[in-house]
Structures are given as C-alpha cells and as structure tokens.
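The sequence and the model are shown first, followed by short sections on selected features.

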Amino acid sequence: MSIMDLHRRYIYCDEIEMKNIEMAINLYYAAKKYMLPHLFKTCGKYIMACLKPGNACQIYEIAKQCDDTSLMEKSLKVLLLMILLYFFNNFCNKCNRRTKT
C-alpha cells in the first residue's frame, strides 16, 4: 500500500497501521503537509518509539524540518548520550592504559 493510500485511508476511515519507520516518516511528512495534527502526533509517537542511536541523527533532521520540538529534544538526548558515552569510554581506556604501565 502506498503512502497516499494510507493517507487517504486515515482521512476516510480514521485508521492507520504503520509497519516500519520509513512508512511512519513518510506519513509524518504527509500529515504535516496536509495539516492532519492527529496523524502527525501518531506518526511522531511511532517514530519516537523507534528512536535509537543508529537513527537519531536522521530523526533529528526530520523533526527539525517538521518543526516538531518534542521529537527534536528526544533525538538530541540520544545523540548527547552517545557523545558522552564515547568520551567516557575513551577516558576510561586512557586511564586503564596508564594504570597498566
């Protein structure tokens, strides 16, 4: 089923079934473009539930394009946590090397 078919199904039947994040992202854009706030929120919640370190940058950019501050904040938190973990791990590795010599 195409994104426009899903979009029309939501408009006429008030039903939506998202099977993956790509589908949710495309519907998210369509909901923003055609001013369907309930669908926009529903897609945003689905995207937020799929948020993980591997897609946080992409989701941040999508949220920024759609002016979704809530989703932007959540994805930024994931990105900041990744950065902190990276620096913490590097710091611990340097400390371990110093104590072993």
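Phenylalanine 87 is part of helix α5, which spans residues 69-100; helices are DSSP runs of H or I with at least four residues, numbered from the N terminus. The model is predicted: local features need pLDDT of at least 70, side-chain atom pairs count only at pLDDT 80 or more, and totals for chains, interfaces and linings use all residues. Residues are numbered from 1 along each chain as its sequence is written, and side-chain values use heavy atoms, with hydrogens and water left out.

With a relative accessible area of 53%, phenylalanine 87 is exposed (buried means under 20%, exposed over 50%, partly exposed in between, with a 1.4 Å probe and protein chains only).

## Helix α1 and its neighbours

Helix α1 covers residues 3-13, and its buried residues are Leu6, His7 and Tyr10. Viewed down the axis of α1, these buried residues fall within an arc of 105°, so they line one face of the helix; the arc is taken from the directions from the helix axis to the C-beta atoms. An α-helix has 3.6 residues a turn, so residues three or four places apart point the same way.

The buried residues of α1 pack against α2 (21-33) and α3 (37-49), where contact means heavy atoms within 4.5 Å.

## Cysteines

The structure holds zero disulfides, a disulfide being a pair of cysteine sulfur atoms within 2.5 Å. Cysteine 50 is partly exposed, at 23% relative accessible area, whereas cysteine 66 is buried, at 3% relative accessibility.

Technical notes. Helix = DSSP H or I, 4+ residues; strand = E, 2+ residues; numbered from the N terminus.
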